[in-house]
Amino acid sequence: MAMSKFKDFPILPGYKVDPNKEFRRKFNKSQHFGVHNDVCMLADVARPGHDGTLLLAEGQVQPAPKNHWLHFDKQVLKFDANCFEENGRMRKCQFFYYLEDDTIQVVEPRVTNSGCFQGTLIHRHRIPMPAKWQKNRENVAQVNSMAAHASGFFSVACLNVGNTLEIYGRRFVLTDCDKFTRLLLEKLGLAVPPNQTKLEPSVHVEGKPAHTKASSVPDERQFLQLDGLVLSFKAYWDDREQEGGLLHKLTLLYYLADDTLEVLFEDGSRMIKRQRLPKEDQVSVELGAPDQLPILNVMKGRKLLKDACPADGAFRRVDYVRDKELAIGATVSVFGRPVVLVSCDKFTQKYFNDRYRIEDFTPLKYPDDEARRPAKYPPRIHLPPYNGFGSYEDSAANCKSFKMKERQKDLTQFLTKDRQGNESHILRFAAKLKEGCEIRKFIISYYLSDDTVSIFEIFSPNTGYKGGKFLERCTLFKPNQDLINVDSAPASYNAGDFYIGAKIVVNRFEFIIHEADDYALTYMEKNCHEFPLSNSKLILNKIRPHLGLRYKELVSALMENDDHGQGVVAVRHFRDILEHLLPDEFLTEHEFETLLRRYAVPENQPPDLHLRSKVHSLLRRQLFKDMDLLKIELHERDHAKTGFLSRKNAWAACRSLPVPLPVDVLATVFDRIKMNSEGQIDYNDLLWYLDCENQPANLEIQNEGSIGFLFKNMPKKSKNDLSYKTFIAELDLDDDHLNQIS
């Protein structure tokens with residue numbers, strides 16, 4: 001029967017005839033699977049297919065059953081493969097083919113210190129065949145005879161040991177498979193070659209001579225044996241021939257594990273990070289050579305040889321610095337910088353002695369840092385002229401960097417001179433204008449934390465001036481300076497420029513300071529090394545030569561003005577006497593004030609029993625019972641056995657035990673003790689004062705939670721009377737000395 005027999009049948013439902021069934025004699029369905037232990041599995045590959053069709057082993061693809069996922073659930077084919085990259089590197093991978101949905105996953109096992117990103121190379125999905133394979137389906141010999149009937153995706157027919165697959169531009173060679181995969185492929189009728197684990201890379205890279213080992217990858221044996229071993233050299237780089245150059249002291253570290261080196265500066269910062277250092281005298285050019293730097297274009301005259309690329313282009317052969325080229329006195333070119341090695345450590349000496357038989361490790365000296373230096377310091381950066389906007393410090397800070405930055409303040413000064421409890425560290429002075437409105441009153445505040453000044457005008461009624469802020473807190477520059485065309489910061493007022501009698505110019509307004517508050521005067525006296533006008537010793541040294549020649553006249557004048565004969569003279573008389581005996585304007589107003597505060601007579605002396613009672617209560621609270629030891633200590637310090645000690649020795653004796661009194665309380669006690677004419681303390685009176693067991697003070701002190709009352713009731717110094725006896729004693733001018741001078 002022929003096909004023409006059915007050509008006249010109409011194409012209608014029920015009239016369509018399959019011409020192939022006309023020649024069939026068997027219509028039974030062959031069973032490919034059997035049931036064993038309630039598991040559906042492939043029984044025999046030799047059985048014929050459905051209605052006489054061929055099996056997979058006979059060259060055709062059997063259509064997948066409807067329950068394909070149920071039959072092949074959790075059944076995976078595993079292959080070992082080698083992936084060959086363009087640079088010749090071979091990477092070992094694993095192929096997983098999932099039979100349930102014909103998907104493929106490629107994984108590269110992770111290897112420690114491989115230097116590559118490993119793990120899943122290709123995620124699980126159906127992988128399409130390359131375009132050139134799909135276009136040439138008739139040439140099935142390149143892939144597999146069964147792959148021609150596939151639907152454009154890789155299937156089980158394409159996977160076998162020895163096959164080469166091209167997946168997304170990469171070439172994979174299947175070299176091995178597990179036992180389950182081998183049995184399944186054999187049941188499908190495929191001949192599985194033996195494992196090819198020792199396959200050479202050069203066989204699979206399109207005829208290109210692949211290199212068995214890239215020199216950029218360190219030897220595995222070298223890494224395992226020399227890991228952690230580092231050669232250390234001291235070196236220098238002399239850059240002083242350049243303008244502003246310096247002599248840089250360096251440390252060169254050479255890592256033996258992978259022939260890399262690292263260069264560090266003396267402060268620990270990096271000059272170059274750890275890497276292989278190429279030599280710069282290699283200029284030979286070859287094509288396709290391994291371990292070389294790529295060159296984009298290679299020219300020969302006007303003829304372009306080839307456009308280069310890392311895969312198959314022109315390369316410049318590069319050699320790298322090795323350990324044998326490092327020696328004391330050798331010069332290593334670090335990217336154009338000549339680095340001279342001068343010494344090495346003991347491990348480096350032992351390494352070169354054992355490997356290269358080098359015994360001379362005499363260190364070299366660094367070159368003279370001053371011999372070739374053009375200047376002692378690097379050239380100074382000249383700032384542009386100050387434009388008058390903002391403060392000078394802010395403008396200078398902005399000129400030193402492209403990024404706008406706030407000027408750096410003195411943090412130490414700020415922390416030590418900022419407000420600390422009752423210590424405000426603000427010096428306040430009363431001032432007035434030199435000319436014009438004398439009725440205007442001003443307060444000048446100097447902030448020690450940042451050397452800034454602010455001026456406030458006190459409101460006075462019926463004057464026409466409302467008062468208030470006269471000058472915002474800022475750095476106050478001194479007058480008669482060019483603030484615009486300057487290279488350095490202009491001079492500004494500091495703390496030493498503010499004192500009684502000083503003249504301060506603010507925006508062409510001239511102020512005269514005529515008074516200071518008690519805190520400012522006390523602070524200046526405590527820090528007299530910073531404020532010489534508040535140092536009484538310096539003032540006495542200043543007036544001593546002038547008063548020594550007129551000592552008798554000084555003493556007689558003071559005694560004449562002593563109305564009661566108690567060694568006290570009025571302040572106005574004392575000042576008139578000094579102005580008469582000293583040259584004109586010899587002492588400033590602030591120096592007069594320092595002397596008056598120094599020798600002023602205390603007034604309103606409270607009963608001493610209050611202080612002694614409080615001291616005894618503190619000693620009883622601390623269970624102090626070492627009066628005998630204190631007595632022995634004071635007697636031992638009195639070598640002349642006079643009964644008097646200097647304040648310094650008595651203080652050291654009390655603090656050595658120690659006497660459990662606060663420092664300020666003990667200092668107040670010392671002020672109450674009897675003294676001789678030389679200012680020495682009667683330590684017997686001190687022992688009586690502190691003896692809370694044998695000589696107790698019976699005054700009851702109540703509602704005193706702290707010792708602050710001791711200083712609230714401190715004797716105030718009179719502003720009207722002055723003790724000239726203390727002044728003459730500290731002046732230290734006797735008659736014999738005066739006779740020698742005369």
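Modeller: L231 stands opposite Y254 in β10. Strands are DSSP runs of E with at least two residues, helices are runs of H or I with at least four, and both are numbered from the N terminus; two strands count as paired if DSSP finds at least two bridges between them. The model is predicted, so local features need pLDDT of at least 70 and side-chain atom pairs count only at pLDDT 80 or more, while totals for chains, interfaces and linings use all residues. Residues are numbered from 1 along each chain as its sequence is written, and side-chain values use heavy atoms, with hydrogens and water left out.

β9 and β10 are part of an open sheet of six strands, ordered β12-β11-β10-β9-β19-β18, with antiparallel pairing. At its edges are β12 (270-275) and β18 (331-334), each of which pairs on one side only. On average, neighbouring strands of this sheet are turned by 30 degrees against each other, direction ignored. Helix α5 (residues 346-356) packs on the sheet and touches β9 and β19 (337-344), where contact means heavy atoms within 4.5 Å. The direction of α5 makes about 110 degrees with that of β9. For these angles, axes are lines fitted to C-alpha atoms, for helices over the stretch in contact, and values run from 0 to 180 degrees between N-to-C directions.
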